[in-house]
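Hello,

Here is the structure I promised to pass on to you. Have a look at it first, and then read on for the notes I made while going through it.

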Amino acid sequence: MIEALIKFLCAIVWFLLLSLYLTWAERKESAVMQDRVGANRANFFGFRILGLFQPLADAIKMMTKEDFTPAFSKRFLHNLAPFLSFFFVAVTISTIPFGSHLMIGGKEFRLQVIDLNVGILFVLALLALSIYGVILSGWVSNNRWTLLGGLRGSAQLISYEVALGLSLIGIIMVFPSLKFSEIVGFQSELLFGWLPKWGVFLQPLGLIIFLMAAMAESERVPFDLPEGESEIVGFFTEYGGLKYGLYMFTDFMKVLIIACLLTTLFFGGYHVPWLYADGFHFPWGGDWLLPHGIVVLFQVIMFNLKVFFFCWLQILIRWTYPRFRYDQLMDFGWKFLIPLSLFNIAATAVLMSL
Amino acid sequence: MIPIYYFLILSAVLFVMGTVGFLIKKDLITQFMCVEVMLNAANVAFIAFARSASSLNGQIIVFFIITVAAAEAAVGLAIILLVYRQKKSIKTEDSSLMKG
Amino acid sequence: MAVFLFILLSLTCIGSILGMILSKNQAHSALYLILAFVCTGGLFGLMSAPFIAAVQIIIYAGAIMVLFIFVIMMIDIRKGLSPERKKWILYPSLGIGLVLIIELIFILSNTLVPSKAGTIESFGSPKTLGKVLFTKYLYPFEITSVLIIAALVGAIVLVKKKEEK
């Protein structure tokens, strides 16, 4: 019990800190892409360090703003809605494995908060529940435009959840388990004796469908119809201060959790190619034996590097593509992604039975 | 381990609450929700029996009940929407005529 | 620990269903019902049915209730709400409820099966459940897909506005 609590605290602190600095990364990366400097003014006794204090300044600004509730809206529900979104996304991190086992004094600690035997379904269930934050905020603001925004947003989230779930079925077929630890375990094997058996090599189509559906779930630019701040009124227009900040923060948390899921399901999780429990065994011959602590350290660093890469990739996509129109968005989900994922399932079944 | 009759009593209480709610509410949507509560009470009982008899059949039946409930909700809500379009009301007493 | 969790979840479940019946606003009723379904999902998890628990939350709380809330949002709440209830219906229905619960508890206390000691570890896990579902219950499972398609098409045909002639 205590052990699980400590692990959960470590995971959630890692998760929240990285999401906080993802805002900084997004500002800097967009600045580099657009040939600007980016946020660099926030300082601490004159030290600027590339604007690394900017997220803290943003947080202080959000917290000290007025906590506004529009007239005629239910105060309790109005406060509850952003916390619903935030909570269900934040809990998701507890299923992600950060490394294999850590031995301390003969006792074995699994570097994963909770290893459910329906892990993937649990993540899907939490994502399904986080929709209520969107619907509720649109409805409770007592404003026609936010209501429409909430309906638009929840319709998008539900539609793309189907494609998301179907794209994961291919992964469940090639790695026959719903447990995250076992899925990562299967990926430590080798294909043809040298290629790591990662999900991306077995399910390339599944990866593409998952990435697109997951980016639609994160409500960011190619798919940001729920918010669409420059053209249409989104569901959290009536929110200000810390509650608005929570919605923005939840978006970044979704980016991070998608990077974690991509890493865990398609890119071998914490596995470093050819690194085993006792060190490297290269396929071209030659071993490099390492003590247990260094191996675990390598695994955790590798996991973080992969997660950073996918966060970078998502920010890159977000600042490259323009927004879909709403009917294009729905057509893309229902008429392209879902048939494609069904085709992927059928093709996987045929290839596996050969 | 939790004794099975706890679950059965819970299931009975849920079912009765669904029934009473269905009888005293006057709008179609809440009545429909009460039907879902009654289905759910049956699910609780099935899961409890599956556990106590160590047989998976109960869980399979719950799986089918949930699927059928999804289909039923889609059609039922479509009908409620149609009733609202015709009568501009979802009260049961307003749709008492046989003619539309 | 398990008994404590059971009491917590079942009390929340019963309380939220009471709230659903007593609240005058349908959207509030729907939110209470979502809470009740999530609690039932937790109870299924306690009863070594993790797969059914996940399905319960994904389908009931994640899909069916979203449909309910969509419909509630489309209907103008101020018009669609029933302000006054006929009082005479209350007491007979409470009486029916009382009779029903006494009857149910009486029946259940007579049919209690003694539970077999020591269920196996993998009972109710996705793997065992899937094996039963795709061997013994294959045809019912396939027929369910036809049912869902029929419901989908039926719902669309019903709600679609006819073109003006």
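Chain C has 7 helices and 0 strands, so its elements, read from the N terminus on, run α-α-α-α-α-α-α. Helices (H or I, at least four residues) and strands (E, at least two) are DSSP runs, numbered from the N terminus. Please keep in mind that this is a predicted model, in which local features need pLDDT of at least 70 and side-chain atom pairs count only at pLDDT 80 or more, while totals for chains, interfaces and linings use all residues. Residues are numbered from 1 along each chain as its sequence is written, and chains are lettered from A and ligands numbered from 1 in the order in which they are written.

Of the 165 residues in chain C, 34% are buried. A residue counts as buried if 20 or more other C-beta atoms lie within 10 Å of its own, as exposed if 12 or fewer do, and as partly exposed in between, with C-beta atoms placed from the backbone. Among the contacts in chain C with a separation of 6 or more, 56% are between residues 24 or more positions apart. Here, two residues are in contact if their C-beta atoms, placed from the backbone, lie within 7 Å.

Now to how the chains meet. Which of the 2 pairs of chains in contact shares the most contacts? That pair is chains B and C. On this interface, 70 residues of chain C are in contact with 61 residues of chain B. The chain C side draws at least two residues from each of α1 (2-22), α2 (26-46), α3, α4 (77-80), α5 (90-111), α6 (126-135) and α7 (138-159). With 12 residues, α3(C) gives the most to that side. By class, the side of chain C that touches chain B has 51 nonpolar, 16 polar and 3 charged residues. For these classes, Ala, Val, Leu, Ile, Met, Phe, Trp, Tyr, Cys and Pro count as nonpolar, Asp, Glu, Lys and Arg as charged, and the others, Gly among them, as polar.

Chain A also meets chain C: 18 residues of chain A are in contact with 15 residues of chain C. On the chain A side, α4 (119-129), α5 (131-140) and α6 (144-174) each supply at least two residues, and α4(A) gives the most, with 6 residues. That side of chain A divides into 16 nonpolar, 2 polar and no charged residues. Chain A and chain B, in turn, are joined by no contact, and their closest C-alpha atoms lie 14 Å apart.

Not counting residues up to four places away in sequence, Met65(C) touches Ala30(C), Leu33(C), Ile34(C), Phe37(C) and Tyr60(C).

One residue of chain B is worth a look too. Leu8(B) lies in helix α1 (residues 4-24) of chain B and counts as buried because it has 22 C-beta neighbours inside 10 Å. Leaving out residues up to four places away in sequence, Leu8(B) touches Ala45(B), Ala48(B) and Leu108(C).

Back in chain A, two residues other than glycine have a positive phi. Leu50(A), with a phi of about 60°, lies in the loop between α1 (2-33) and α2 (54-64). Glu219(A), with a phi near 55°, lies in the loop between α9 (204-217) and α10 (241-266). Are these two residues buried or exposed? Leu50(A) counts as exposed because it has 12 C-beta neighbours inside 10 Å, whereas Glu219(A) is buried, with 23 other C-beta atoms within 10 Å.

Finally, 3 strands of chain A form an open antiparallel sheet in the order β5-β6-β7. Two strands pair if DSSP finds at least two bridges between them. β5 (275-276) and β7 (287-289) stand at the edges, each with a single partner strand, so one side of each is left without a neighbour in the sheet.

Best wishes
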